[in-house]
Amino acid sequence: MKIPVRFAVSLFLLVPVLTVPLMSNANPAPSLENLPTGEYYYEAIHASETSSRSILFRKAGRTVIGLQMGANRSCFRGFVEGNRIVNATRVFPPYDPASRQDFQEEMLDLSQYSQVEQELRERDRATLRTCIQFFWR
């Protein structure tokens, strides 16, 4: 079957017209650094590749205090650099001065997570408040 040249050329000319607007309308998710002060909840895109399934945190300027949820549940305080949380101190339950703590130069890369807007359990919000109180002592 022969396709008329005029039809083939017109299809060829339409393809760039159809793809250019799609590419120009693509809005990348804002980086963590550009988010305003507030509380944010993220879930891992590939849970098997990360040590925590989800993260809840409060961001104020470059500082974040939050809660990693999953196998290694912990509170943390760190600093935003692009889409990463760096120079973070983590504290493990029971979240008191005698609790085990560690320092991580690069703790999380939030490009491996997606922001989720959902109602959080009161238990998680209460734990986030505990984390904030721990680091503001």
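## Basis

The model is predicted, so local features need pLDDT of at least 70, side-chain atom pairs count only at pLDDT 80 or more, and totals for chains, interfaces and linings use all residues. Residues are numbered from 1 along each chain as its sequence is written, and side-chain values use heavy atoms, with hydrogens and water left out.

## Overall fold

The protein chain holds 2 helices and 7 strands. Their order from the N terminus is α-β-β-β-β-β-β-β-α. Both kinds of element are DSSP runs numbered from the N terminus: helices are H or I with at least four residues, strands E with at least two.

Of the 137 residues, 33% count as buried. Buried means under 20% relative accessible area, exposed over 50%, and partly exposed in between, with a 1.4 Å probe and protein chains only. The chain exposes about 9,000 Å², and carbon and sulfur atoms supply 57% of that area. Accessible areas come from the Shrake-Rupley method with a 1.4 Å probe; for residues, only the protein chains shown count as cover. Among contacts (heavy atoms within 4.5 Å) between residues at least 6 apart in sequence, 44% join residues at least 24 apart.

## Strand pairing

Strands pair if DSSP finds at least two bridges between them. β4 and strand β5 (residues 84–91) run antiparallel, joined by 6 bridges. Their hairpin has 2 residues between the strands, and G82 takes a positive phi near 65° there. R77 stands opposite T89 in β5.

β5 also pairs with β6, again in the antiparallel sense, over 7 bridges. Here T89 stands opposite F103 in β6.

## Nonpolar cores

A nonpolar core is a set of buried Ala, Val, Leu, Ile, Met, Phe, Trp, Tyr and Cys residues joined through side-chain atoms within 4.5 Å. The largest one has 16 residues. Y42, I55, F57, I85 and L110 have the most contacts inside this core. Two or more residues come from each of β1 (38–44), β2 (52–60), β4, β5 and β6. β1 gives the most, with 3 residues.

Beyond four places in sequence, Y42 touches several residues, including L35, I55, F57, L110 and V116. Another core lies apart from the largest one. This other core has 13 residues, among them I65, M69, C75 and L128.

## The disulfide

The structure holds 1 disulfide, defined as a pair of cysteine sulfur atoms within 2.5 Å. C75 and C131 form the link, with their sulfur atoms 1.8 Å apart. The link is left-handed, at -65° about the S-S bond. C75 lies in strand β4 (residues 74–81) and C131 in helix α2 (residues 122–135), so the pair ties together parts that are 56 residues apart in sequence.

Both ends are shielded. C75 is buried at 0% relative accessibility, and C131 is buried with a relative accessible area of 0%.

## D102 and its neighbours

D102 sits in strand β6 (residues 101–109). D102 counts as partly exposed because its relative accessibility is 22%. Leaving out residues up to four places away in sequence, D102 touches A88, T89, R90 and F92.

F92 is 10 residues away along the chain, and the C-alpha atoms of D102 and F92 are separated by 8.8 Å.
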